[in-house]
Amino acid sequence: MREAMLAMLAKEPAHGYELRQRLIQALGPIGEVVNSGQIYVTLQRLEKAGLVRGVQVEQSTAPDKRVYEATPEGREHVAGWLLDASWPKVAPTEFHLKLVAAAATGLADPVALIDAQRRELLRRLRDVQRLAESEPAGGDGVLILEGSALRLQADIRWLEACEQRWSARSTGSES
């Protein structure tokens, strides 16, 4: 979220409320969960890091507001972020380690863990699909919801492969 906010400020300066509205527009219903406090804390951290600069702007009919803009260092940071092709989260790694630990310690059944995880992912998938159905067709928010749904479906398929492997281990039929 931090880099996305910085990128929006690199495009044009904004105060916190405007920035939150831009995030809501870009993310659709997912953006609704971003609270104003989180926006302002992130802006303060970006300012402290020297990536944005805040300027107090006087208003005649309303209280003064602080408008933020990206610094040259902030623009450089955004450029690097945009070129970074790595994925920040590799979901299967931690869960795989959980399965290995469960089997090694005997404290949990790996197949039961897989089943519980699959139920959770299916619940999340239903939630994402409901949100996508409520979005206007062609809206930017639909794209992130479709991406989330596809990622969840891929994780569910991976869990199916895990279940086959761990079920085979528990019955001793693995080669």
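**Figure 1. Covering of the buried residues of helix α1 in the predicted model.** The buried residues of α1 are covered by elements that include α2, α3, β1 (52-57), β2 and α4. On α1 the buried positions are Glu 3, Met 5, Leu 6, Met 8, Leu 9 and Ala 10.

Figure 2. Val 52 illustrates the packing: beyond its neighbours within four places in sequence, Val 52 is in contact with Leu 6, Leu 9, Leu 43, Leu 46, Glu 47, Tyr 68, Glu 69, Ala 70 and Thr 71.

Figure 3. Thr 71 is placed in the loop between β2 and α4 (72-83). With a relative accessible area of 5%, Thr 71 is buried. When residues up to four places away in sequence are not counted, Thr 71 touches Gly 50, Leu 51, Val 52 and Arg 53.

**Figure 4. The N-terminal region as annotated in UniProt.** An unreviewed UniProt entry places the feature "domain: Transcription regulator PadR N-terminal" at residues 5-78. This span is 53% helix and 16% strand, and its end C-alpha atoms lie 10 Å apart.

**Figure 5. Surroundings of Met 1.** Met 1 belongs to the segment before α1. Its relative accessible area is 43%, and Met 1 is therefore partly exposed. Apart from residues up to four places away in sequence, Met 1 touches Leu 23, Leu 27 and Val 34. Met 1 and Val 34 are 33 residues apart in sequence, and their C-alpha atoms are 9.4 Å apart in space.

**Figure 6. Arg 20 in helix α2.** Arg 20 is located in helix α2. Arg 20 counts as buried because its relative accessibility is 15%, and buried residues are those under 20%. Residues up to four places away in sequence being left out, Arg 20 touches Glu 32, Val 34, Asn 35, Ser 36 and Ile 39. Val 34 is also among the residues touched by Met 1.

**Figure 7. Crossing of helices α2 and α7.** The axes of α2 and α7 come within 5 Å and cross at roughly 60 degrees. This angle makes α2 oblique to α7. At the meeting of the two helices, Gln 25, Ala 26 and Leu 27 in α2 meet Asp 140, Gly 141 and Ile 144 in α7.

**Figure 8. Helix α7 along its length.** Helix α7 (residues 140-171) has 32 residues, which at 1.5 Å a residue should span 46 Å; the end C-alpha atoms are 48 Å apart, in agreement with that expectation. The buried residues of α7 are Gly 141, Val 142, Leu 145, Ala 149, Leu 152, Asp 155, Ile 156, Leu 159, Cys 162, Trp 166 and Ala 168. Gly 172 follows α7 and has a positive phi, near 75 degrees.

Figure 9. For residues 94-164, an unreviewed UniProt entry lists the feature "domain: Transcription regulator PadR C-terminal". The chain over residues 94-164 is 87% helix and 0% strand. The end C-alpha atoms of this stretch are 19 Å apart.

**Figure 10. Leu 131 in helix α6.** Leu 131 is situated in helix α6 (residues 110-134). A relative accessibility of 33% places Leu 131 in the partly exposed class. Leaving aside neighbours within four places in sequence, Leu 131 is in contact with Pro 29 and Leu 145. Leu 145 is one of the buried residues of α7. Glu 58 is 73 residues from Leu 131 along the chain, and the C-alpha atoms of Leu 131 and Glu 58 are separated by 39 Å.

Methods
Residues are numbered from 1 along each chain as its sequence is written. This is a predicted model: local features need pLDDT of at least 70, side-chain atom pairs count only at pLDDT 80 or more; totals for chains, interfaces and linings use all residues. Side-chain values use heavy atoms; hydrogens and water are left out. UniProt positions are given in the numbering used here, feature names are shortened, and annotations may be inferred rather than shown by experiment. Helices (H or I, at least four residues) and strands (E, at least two) are DSSP runs, numbered from the N terminus. Contact means heavy atoms within 4.5 Å. The expected span of a helix is 1.5 Å times one less than its number of residues. Buried means under 20% relative accessible area, exposed over 50%, partly exposed in between (1.4 Å probe, protein chains only). Axes are lines fitted to C-alpha atoms, for helices over the stretch in contact, and angles run from 0 to 180 degrees between N-to-C directions. Angles under 35 degrees count as roughly parallel, over 145 as roughly antiparallel, 65 to 115 as roughly perpendicular and the rest as oblique.
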